[in-house]
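I hope they are handy while you look around.

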Amino acid sequence: MKFTRRQFLKGSAAATTAIGISGKAQAMELALGNSSYNYIKRGEPRQRVFSCSPLHAHDNPVQAWVDDDPMAPPNPLTQQVGRRVVEISGVTESNRSRGRVSAVEATAWMEVDSGDRLLHPLKRTGKRGAGQWQTISWQQAQEEIAAALKASKPGETFLMRGKDTSAGAWDHFMQTLGSNSLIELDDALNQRAAWRATWGEDISVPDLAHSHYILNFGTNFLVSRPDYAAEALDGKMFRRARIVTFDPRCSKTAGLSDKWVPVRPGTDGVVALAMAHYLLQQGWADTAAIERHSNLTAAGLIEALAPYTLEHAEEISGVPALTIRSIARQFAESGRGCIITGSGIGSHANAYDTERALMLLPLVTGNLEVRGGNCLPKRIALGDIQPRPPAPEVTNPVRQSYRFPWDAGSHYPVEVLFGYNTNPGFNAPTAAAWRSTLGDETKVKLFVAIGSFRNETWELADLVLPEAHWLERNEPVEGRGSLLPWVGLRQRAVDPPGEVKELREILRDIVHALRDNEKARYWQFEDTREWLGAQLDGVAGLKQAGGWELMAKHSGVWPIYGYLHPEVRRIVDEQGEEVLPEYGKPVTMNLDPFPHWQAARDSLTAEGELTLLVHASDYHAGDASANDKVIMEITLANHLHINVKTAENLQITDGDLVRVTSKAGYLVTRAHLTQTIRPEIVAMHREGGHWSIGGVASGKAGPKHKDSRSNLDADVARNLWWSDMGVHPMDIILPVFDDKGGGAASATSVTVKRAEDGDVYGMVEVEPSTLLAFNHSSKSRERL
């Protein structure tokens, strides 16, 4: 449609009037005959419900705006008129949020009304993965699970989870069953293991807002970590902080940095060791801080670092010695410097030692537990769930979580497996091996999945139980990643649809189905808000400050440190001074054994090979945003990024169909030529090629798919225009692990060439049995 300037101004004026509290309908509703695609609020006041988004690594306090308007369009999912979440915004009283939300948080309310949601318990009727399901009652689901639990030993019940958003409910459940069998799947597994071994905490909090120099190694934090992005931009604005990013590809964060250093993958550790060596040699190191904060003397550290010269680091990393020297000196001269690391480090097989090597930089410059440096996390503990079951007598048989496809059924029996907040059959390295094992009833006897949507892994389950969306739950939240500690809560903004239950209700009812009074006494609560209150009542000092009910109504977080200054956008006290965290917690870094650099096995290449890096997509929050029409539209397909000169040598042009082959198999995608990646690297993001979750994620929605449940959203039904859903790359990643940290590599050596006859875009060909035969020995690695 074409609009004249007069029509545009007229429409803008109408919209501006409607945005004000005028009592008139929105301009878009008038233009569309009072039936807009996404319900737009009229003039009446909305109800505000405080909650916390779990969509990023660190939970973010938000406020959900709810309409309770009998004149509103009906909910497309339930066809009921009444309460609907119509907007999400940040909480200005929160030092974590400061009124901000990320793109994926701002659009999360659309998921609540999605036609792709699970509404009833489902039971598999055909083979695992065949897509044949029947709706069953909650009672039948609970009784079948209870029967399997009774027939198994405690250690044979496993929990496979990603981020734990349950505030201890899952641990309480597993302890009730007497099991300690946990499969923890997390991109930060190597990172957390390294930090925990080195200074006793599994996280480091960089004081980005007060730093003068930020060294970023392998994280796209300006996109993927909204809290860190806000703090870093404050540092740039108010302290002229310099951001230097080491990354083989120019991510959005690298592009927005003051300097992008294109380092070879897996070599960041040798760069850090060379920097530390140079600073000690030149007298720029804080020797007193080294001896105060570590178990090494300055002389002992110099001796350990002797092999790591600038020239040696240049040869390995591809970063010029002069660049390494210049950055090291600037970091030391800044006076306040910190480091931040991410999955670009953790996704290699040498990640554990690399993380520990990078920690030397704040150590040798005296930037531990000081303003602008790297600090220990500050937390306010939630109250315990009482009564508490005894600790399990059995130990966790899982040696390393990412080895589960190879170990299940051989190293330990898996009678019952619960899955939660994870999708290894799609996004874990060597995903085909996960699907093969989870689809094998001889290795996993009963697979129970719990979630709001299906996903590629849940398609292999025996039972799928519908869980409430986070905007429909009551859960306490312990703040992480902030130097001003806080607690918050998720509380129910709207009621769940259909037969959907909250996780705590699901677990409680399974325990009660066991008909064991001893176990049932650990799960005596009428509703989840009762349990929420019990945990928040146990927070030291909260009752004296007015109690959790007051917190839930006033701001959703506690404590309130001050107010958000409208100009500087920082939390300030009554005198207008910024509220600062406390520094100076005792730190002793354990550097025994010393983190010497070793090459990452996943990045070793032969002549003619390139290294494929699979990374997280910009803006996405994993499965939680895969079916989000807004996020999908701004990211779209994950074509293969390849250096212009490399492509020229391979006679590949932009948009060509190419075959990417590893020793595990191959995929067919399109080439995207760019100068923003090292010549020996190719890269894809991992959110392409979904075949489950929902119609938007899988490409089975829009005008060409009239029967899609995603089309309950009229905007999707009429306007979804894209058809390229990308290609799934995780199947062709070889199974290579960091034996010290326990994580899996997301990189592998590949060859790239123009597509062969018969190749079709989107093809992925692997042989799972070959991958499962891989026994991790050096001979097997050499053979593959």
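1. Accessible areas here come from the Shrake-Rupley method with a 1.4 Å probe, and for residues only the protein chains shown count as cover. On that basis the protein chain has an accessible surface of about 31,600 Å², with 49% belonging to carbon and sulfur atoms.

2. A word on provenance: this is a predicted model, where local features need pLDDT of at least 70, side-chain atom pairs count only at pLDDT 80 or more, and totals for chains, interfaces and linings use all residues. Residues are numbered from 1 along each chain as its sequence is written, and side-chain values use heavy atoms, with hydrogens and water left out.

3. On overall form, the C-alpha trace of the protein chain spans about 75 × 70 × 65 Å along its principal axes.

4. How many of the residues are buried (under 20% relative accessible area, 1.4 Å probe, protein chains only)? Of the 784 residues in the protein chain, 59% are.

5. Now the cysteines. The structure holds zero disulfides (a disulfide being a pair of cysteine sulfur atoms within 2.5 Å). Cys338 is in none, and the nearest cysteine sulfur, that of Cys375, is 8.7 Å away. Cys338 counts as buried, at 0% relative accessibility.

Key: Buried means under 20% relative accessible area, exposed over 50%, partly exposed in between (1.4 Å probe, protein chains only).
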